[in-house]
Amino acid sequence: MIADSDSWWHRYKSIGAIAVFHVDLIPDQGREAEALSWLDGEERSRWQRFQSPVAQRRYVLCRAALRAVLCRQLGCPNESLAFEAAKHGKPFALVNGQPASISFNVSHSGNHGLIAVAAKGRLGVDVEEREPRRNLENLIEGVFSPHEKAELESLEGCQQLHKFFRFWTIKEALVKAHGKGLSMKVAELEIPEDMRHGAAKSICQFAQIPETSWCLEDMGTREFAAAIAYEVSP
Ligand SMILES: CC(C)(COP(=O)(O)OP(=O)(O)OC[C@H]1O[C@@H](n2cnc3c(N)ncnc32)[C@H](O)[C@@H]1OP(=O)(O)O)[C@@H](O)C(=O)NCCC(=O)NCCS
């Protein structure tokens, strides 16, 4: 694998014991070829099945970066690392066929990927480029709680789009941390009031997941909206 200085990912943020890496997804044939050579047979078959070069690029650059990050954290060679998916699709890592003691999550959008890694605890990450969305009203209707909807509907244009992506990434990070994805009733996972009104992070519980406290944290920048959600130990 290549030296860190040449890599297309870099450590972007530390949140307590969680390391967050940014993955540069701009088109680069050299990087894509290098990344593809690190993937195992199953991952290469998946790469081949993607319909568009954009989806292929996102997948291969993020998956290879994930491999590099996990190999370093786990102290294992790339060849010993493999991935499987849990019931709702959340990937987990295996080293020499045994589940590895590490927690991670990946997200990609446009030219940006994010990888969050920690030794333990469920976590989820989401990144979204703030591209205007068709059917924004329908998305707002289906995904947000009455309080969230009221706040979004009180805004227009860029301000509405900005808040939409802030709310969306926070919720998406939470459902990804939990692992059930869209099988959860996302409209009922209401973002806490302090965070809806601008707080950068909040610790909260949800009736659908009563056993766990979660920390939600906004990681958005001028370039993209992003959020992380992670379990808080009692
Ligand atoms: C995978 C899912 C959880 C997120 O999809 P997405 O936002 O399109 O994609 P992201 O780039 O953020 O994340 C994709 C990565 O998440 C990981 N992932 C897949 N299923 C997952 C799951 N159930 N839980 C957590 N992570 C998952 C994978 O690593 C995947 O990347 P890879 O295929 O390259 O390895 C999707 O099933 C989903 O639920 N989408 C919800 C979309 C939506 O309508 N959200 C409403 C706001 S909550």
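Predicted model: local features only at pLDDT ≥ 70, side-chain atom pairs only at ≥ 80, totals over all residues.
**Figure 1**
The C-alpha trace spans about 50 × 40 × 30 Å along its principal axes. A compact globule of 234 residues would have a radius of gyration near 17 Å, and the 18 Å of the protein chain agrees with this. Of the 234 residues, 35% count as buried. Among contacts with a separation of 6 or more, 54% are between residues 24 or more positions apart.

**Figure 1. Domain 1 and domain 2 of the protein chain.**
The domain assignment gives residues 4-120 to domain 1 and residues 129-232 to domain 2. Taken over C-alpha atoms, the centres of the two domains are 24 Å apart. Contacts between them involve 14 residues of domain 1 and 13 residues of domain 2. On the side of domain 1 that touches domain 2, the elements giving two or more residues are β1 (9-15), β2, β6 and β7. Strand β7 gives the most to this side, with three residues. By residue class, this side of domain 1 has six nonpolar, six polar and two charged residues.

**Figure 2. The strands joined to β7: β2 and β6.**
Strand β2 (residues 18-24) runs antiparallel to β7 and is joined to it by six bridges. Within this pairing, F21 has I115 of β7 as its bridge partner. Seven bridges join β6 to β7, and this pair is also antiparallel. S109 stands opposite H112 of β7. Two residues lie between β6 and β7 in the hairpin that they form. G110, in the turn of this hairpin, has a positive phi of about 55°.

**Figure 3. The shell of 23 residues around the ligand.**
The residues that come nearest to the ligand are G89, K90, S107, K176 and G181. Elements giving two or more residues to the shell are α3 (53-74), β6 (103-109), β8 (123-128) and α6 (157-178). Helix α6 supplies the largest share, five residues. By class, the shell holds nine nonpolar, eight polar and six charged residues. Both domains take part: domain 1 (4-120) and domain 2 (129-232) each give at least three residues to the shell.

**Figure 4. I170 in helix α6.**
What makes I170 count as buried? The C-beta atom of I170 has 28 others within 10 Å, and 20 or more is the cut-off for a buried residue. Leaving aside neighbours within four places in sequence, I170 is in contact with I191, M195, L216, D218 and A227. E84 is 86 residues from I170 along the chain, and the C-alpha atoms of the two are separated by 25 Å.

**Figure 5. The open sheet β3-β4-β5.**
This sheet has three strands, in the order β3-β4-β5, with antiparallel pairing. Its edge strands, each pairing on one side only, are β3 (81-85) and β5 (98-99). Strand β4 (residues 91-95) is joined to β5 by two bridges. L94 has P99 of β5 as its bridge partner.

**Figure 6. Two asparagines with positive phi, N96 and N135.**
Most residues other than glycine have a negative phi. For N96, phi is near 50°. N96 is placed in the loop between β4 and β5. It counts as exposed because 11 C-beta neighbours lie inside 10 Å, and the cut-off is 12 or fewer. For N135, phi is near 60°. N135 lies in the loop between β8 and α4 (136-143). With 9 C-beta neighbours inside 10 Å, N135 counts as exposed.

Note on methods
Residues numbered from 1 in each chain as written. Rg over C-alpha atoms; globule rule 2.2 N^0.38 Å. Contact = placed C-beta atoms within 7 Å. Pairing = 2+ DSSP bridges. Helix = DSSP H or I, 4+ residues; strand = E, 2+ residues; numbered from the N terminus. Near = placed C-beta within 6 Å. Nonpolar A, V, L, I, M, F, W, Y, C, P; charged D, E, K, R; others polar. Domains from an automatic or database assignment.
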